[in-house]
Amino acid sequence: MSTTITNNANATTKPTTFEDKIRQYAALFNGSEKDFCEVESTFNGLHHDDFLGTDSNGEEIDKAAKKQLDEKRLAAGAKVTNVEYTRTDWNKALVEFHLESDGNSVISQYYVTIKDKKIIEARHVNGLMGIIKAGWLSDYHSIRRVQSYQHVDKVVFEGYTSPFAGGARVN
């Protein structure tokens, strides 16, 4: 399932799905210069607090670094067009878009992991091998996030306590 949008989307309607959030945020990059405070609530509604990603150079970025990058692009009047969204798994999607900024024009692809209808991880990918690698890394980081929720005597994941907490065993 792949859909393409243009920046004619109405940015004032409340998004109901993750794809709607992607569309709404892309529509904000319409080529006019903006202050980031105008779009900050939409940014926060799309990016999870534990966001982790990579930029086009392969460098790791967190939510604050992504915010600075988008702030710079909005101030420069960047334009995002031809957004394609393809859901690849229950919590993963491939997002491709055309970005025009500072006289440069690039097509970018990001493999995103979704949690609570927000992007928790976004990896810049190039081709099929990049998508496979991003999927593997996403699964690895999901396991690490689960392990980070472990506490003394109990394991909590998404609000549920493991039945094996406290040393309980399967017979």
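## Overall architecture

Of the 171 residues in the protein, 40% are buried. The model is a predicted one. Its secondary structure comprises 4 helices and 10 strands, which follow one another from the N terminus in the order β-α-α-β-β-α-β-β-β-β-α-β-β-β.

When contacts between residues at least 6 apart in sequence are considered, 45% of them join residues at least 24 apart.

## Helix H1

Helix H1 spans residues 18-28. Because 9 of its 11 residues are buried, H1 is largely enclosed by the rest of the structure. The buried set consists of Phe18, Glu19, Lys21, Ile22, Gln24, Tyr25, Ala26, Ala27 and Leu28.

## Helix H3 and its surroundings

Helix H3 is formed by the 13 residues 63-75. The distance from its first C-alpha to its last is 18 Å, close to the 18 Å expected at 1.5 Å a residue. Its buried residues are Lys63, Lys66, Asp70, Arg73 and Leu74. Viewed down the helix axis, these buried residues of H3 lie within an arc of 95°, and they therefore line one face of the helix. Gln68 and Lys72 are exposed and sit on the face of H3 turned away from that buried side.

Several elements contribute to covering the buried residues of H3. Among them are two helices, H1 and H2 (40-46). Strands S2 (47-54), S3 (60-62) and S5 (92-101) are also included in this cover. Just after H3, Gly77 adopts a positive phi of about 75°.

## The largest pocket

The largest pocket holds about 410 Å³ of space. It is lined by 18 residues, and those closest to its centre are Ser56, Leu69, Arg73, Leu99 and Ser101. The elements giving two or more residues to this lining are H3, S5 and strand S6 (104-115). S6 provides the largest share of the lining, with 6 residues.

Two of these elements also figure in the description of H3 above. S5 belongs to the cover over the buried residues of H3 and also contributes to the lining of the largest pocket. Arg73 is one of the buried residues of H3 and is likewise listed with the residues closest to the centre of the largest pocket.

Notes. Residues numbered from 1 in each chain as written. Predicted model: local features only at pLDDT ≥ 70, side-chain atom pairs only at ≥ 80, totals over all residues. Heavy atoms only, no water. Buried < 20%, exposed > 50% of the residue type's maximum accessible area, 1.4 Å probe, protein only. Contact = heavy atoms within 4.5 Å. Expected span 1.5 Å × (residues − 1). Arc of directions from axis to C-beta. 1 Å grid on protein atoms, 1.4 Å probe; cavity = no way out; pocket = protein on both sides within 12 Å on 5 of 7 lines; lining within 4 Å. Points joined across faces, edges and corners; volume = space filled by probe spheres on them.
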